[in-house]
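Student: I am new to this structure and would like a close look at a single part of it. Could you walk me through the cavity and the parts around it?

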Amino acid sequence: MNWQKVTIRDFDTQGRSAKDARLIIGAVIIKHKLCLSDREIVLQIQKYPYCQYFVGLSGYQMDVPFAPSLSAEICRWMGPSSMRW
């Protein structure tokens, strides 16, 4: 996938900063390919360096990359038709 073409613009200057599109899209791909729950996907990315590389993190990080609730929000935002693979 050409990650340079995937961009998310943040027009709002208040509130939380936006997560990187590669992180979010990569997490959704891993979640659906491995049939994981929202909590499991966060733990999978936190635990395995190859998952961190896939989602575009610069190096191995022991911190949780995002809250599990973000995965549910993204799936709800994208809609059920985009989750049929």
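Tutor: The residues that line the largest cavity are Ile24, Ala27, Val28, Phe66, Leu70, Ser71 and Ile74. A cavity here is a set of points, on a 1 Å grid over the protein atoms alone, where a 1.4 Å probe fits but cannot get out, and lining residues have an atom within 4 Å of a point. Its volume is about 30 Å³, where a volume is the space filled by probe spheres set on the points, and grid points are joined across faces, edges and corners. Searching the whole structure turns up one cavity of 30 Å³ or more.

Before going further, please keep in mind that this is a predicted model, in which local features need pLDDT of at least 70, side-chain atom pairs count only at pLDDT 80 or more, and totals for chains, interfaces and linings use all residues. Residues are numbered from 1 along each chain as its sequence is written, and side-chain values use heavy atoms, with hydrogens and water left out.

The pLDDT is the predictor's confidence in each residue, from 0 to 100. Its average over the chain is 77, and 67% of the residues score at least 70. Helix α4 (residues 68-78) has the lowest confidence, at a mean of 72, while α3 has the highest, at 92. Helices are DSSP runs (H or I, at least four residues), as strands are (E, at least two), numbered from the N terminus. The chain has four helices and zero strands.

An α-helix has 3.6 residues a turn, so residues three or four places apart point the same way. Buried means under 20% relative accessible area, exposed over 50%, and partly exposed in between (1.4 Å probe, protein chains only). Across the 85 residues of the chain, 31% count as buried.

Asp38 is partly exposed, at 21%. Between α1 and α2 (38-47) there is a loop that holds Cys35. Cys35 has a positive phi of about 55° although it is not a glycine, and this residue is exposed, with a relative accessible area of 67%.

The C-alpha atoms of Pro68 and Asp38 are separated by 5.1 Å, although the two are 30 residues apart along the chain. Leaving aside neighbours within four places in sequence, Pro68 is in contact (heavy atoms within 4.5 Å) with Asp38, Arg39 and Val42. Pro68 counts as partly exposed, at 28% relative accessibility.

Definitions and conventions:
1 Å grid on protein atoms, 1.4 Å probe; cavity = no way out; pocket = protein on both sides within 12 Å on 5 of 7 lines; lining within 4 Å.
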